[in-house]
Amino acid sequence: MEISAFKMARGRRTRFMLLLCSLWCISTFAVILRTTDKDVWVNEFEPIELTCLIESISTNNPRIEWKKIKDGVPSYVYFQNKISGDLEHRAVLKEPANLLILNSSRSDSALYRCEVAAIDDHKPFDEILISLSVRVKPVAPRCNVPESVTVGSTTELRCMENEGFPPSQYQWFRNNEELPEEPKTSNRFFNSSYIMNTDTGSLKFRTVIKEDAGEYHCQARNEAGYSKCDPKLMDVYDPDIVGIALKVLAGVVALIFVTVGLCQAQKNGYCSCKDHRENNYKVPQHNNTMDYVSADEGHFRHKSSFII
Ligand SMILES: *[C@@H]1O[C@H](CO)[C@@H](O)[C@H](O)[C@H]1NC(C)=O
Ligand SMILES: *[C@@H]1O[C@H](CO)[C@@H](O)[C@H](O)[C@H]1NC(C)=O
C-alpha cells in the first residue's frame, strides 16, 4: 500500500516536470513564423512586401526559403540566399525574411510560402502561406454602337474588355453624361427603354425613341483603374413615311396590274372553255340519245321479233 502510493506520487511529479519542460522548450527552442497579411492585394506595377516575421528562434543562421505555388506547382523564388525565377530582378529579401516585390506583374498572382528551418531549435521548422492577387487595370474596351436605328425598333450596344482583374464593370455615357442603371430613376432618361448589364457591358433598348440618339461611349472599371472607348454616334430615324407610302403605292399598282391581267386571261379562258364545253356537251348528248334510242329500238325490235 505505502509503496504504490509513493510510486503514484513520483509518477505525477514526473509528468508535471515533463509538461513544464515541454512548454518551456517549445517557447524557447522553436521557430515560429507570423505574417501581417495572409491575403494580399496589389495593383500591377506597384511594389508589395510579403511579410514573414520570425516570432521566436534560437538558431543564429536559419535557412530561409520562399516558394511560389501557381496552379498547384511550386517553384523557387528565394533559394540558397538568392532570388530566382521570374522575380530575379524584381524582388529582394528584407530582414527578417520578408519578400519585397519592387514592380509587381500580373504573373505574380499566386500563393507564396515562406519556410524557415532552424537546425538548433527543438521545433526546427515553420512555414506560412500568403496569397497574392495582382489587380490589373482594364484596357480600352471594344464598343459596338449601331450608326442608325429606327424609332420603335430594338437595338443593343455592347462594350467588352478582357484584361482587367478583377473583371471589369461597365458604365455607359450619352453625350458624356452617365446613364443611370435604371432609366426610371432619372428625369432625363425616364422615357428610355434600355436595360443595362454592368457585368457584361450590354445596353439593350427594347423600343428606341427619338431621344435615344446621341454620342455613346463606355467605360470599363475595376479597383485598379478604368479605361474607355471613343464615343460613337447613334442616329435615330423616324420610320420612312414617304418610302413606306411609295412602297404601298407600288404594291397597289402591281396588284391592279396582276388583277387586270388575270381577269383578261380568265375572260379569254372562260369563253373558250364555255364554247368547248357547250360543243362537247351538245354533240355527245345528241349522239348518245340517238344511239340509245336506236339501240333501244333495236332491242325492242329484237325482243319483239323474238317474242313473235
Ligand atoms: C515596371 O515594369 C513595367 C513593365 O515591365 C515597366 O514599364 C515600368 O516602368 C516598371 N516600373 C517601375 C517603377 O520599375
Ligand atoms: C417623356 O414623355 C412624356 C410624355 O410623352 C413627355 O411629356 C416628357 O417630356 C418626356 N420626357 C423626356 C425627358 O423626354
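User: Which residue is the bridge partner of Thr155 in strand 18?

Analyst: Phe205 is the partner of Thr155 there. Keep in mind that this is a predicted model.

User: And what does Glu156 pair with in strand 18?

Analyst: Glu156 has Lys204 as its bridge partner. Strand 14 and strand 18 (residues 202–205) are joined by three bridges and run antiparallel.

User: How many strands are in that open sheet, and in what order?

Analyst: Four, in the order 12-14-18-17, with antiparallel pairing. Strand 12 (142–144) and strand 17 (194–197) are the edges; each has a single partner strand, so one side of each has no neighbour in the sheet. From one strand to the next, the twist averages 5°.

User: How many bridges join strand 17 to strand 18?

Analyst: Four, and those two strands run antiparallel. Asn197 is the residue opposite Ser202 in strand 18.

User: What about the hairpin of strand 17 and strand 18, which residue takes a positive phi?

Analyst: That's Gly201, with phi near 85°. The hairpin has four residues between the strands.

User: OK, switching to charges. How many salt bridges does the count come to?

Analyst: The count is 15 salt bridges. One of them is Lys94 with Glu49, at 3.6 Å from N to O. That pair links distant parts of the chain, as Lys94 is in strand 8 (residues 91–94) and Glu49 in strand 3 (residues 48–50), 45 residues apart.

User: What's the distance between the closest N and O atoms of Glu163 and Arg106?

Analyst: Their salt bridge has those atoms 2.7 Å apart. Glu163 is in the loop between strand 14 (155–160) and strand 15 (169–174), and Arg106 is in the loop between strand 9 (98–101) and strand 10 (110–117), so the pair ties together parts 57 residues apart in sequence. Glu163 is partly exposed at 38% relative accessibility, and Arg106 is partly exposed with 38% as well.

User: Which residues are linked in a network of salt bridges?

Analyst: Arg63, Glu65, Lys67, Arg113, Glu115 and Glu127.

User: Last topic, the nonpolar surface. Which residues make the patch?

Analyst: Ile241, Val242, Leu246, Leu249, Val253 and Phe257 make a nonpolar surface patch of about 650 Å².

User: Where does Val253 sit?

Analyst: Val253 is in helix 2 (residues 241–307). With 39% relative accessibility, Val253 counts as partly exposed.

Note on methods
Residues numbered from 1 in each chain as written. Chains lettered and ligands numbered in written order. Predicted model: local features only at pLDDT ≥ 70, side-chain atom pairs only at ≥ 80, totals over all residues. Heavy atoms only, no water. Patch = residues over 30% accessible without salt bridge, like charges linked within 9 Å, V, L, I, M, F, W, Y side chains within 5 Å. Areas by Shrake-Rupley, 256 points an atom, 1.4 Å probe, with all protein chains shown as cover. Salt bridge = Lys/Arg side-chain N within 4 Å of Asp/Glu carboxyl O. Buried < 20%, exposed > 50% of the residue type's maximum accessible area, 1.4 Å probe, protein only. Pairing = 2+ DSSP bridges. Axes fitted to C-alpha atoms, helices over the stretch in contact; angles between N-to-C directions.
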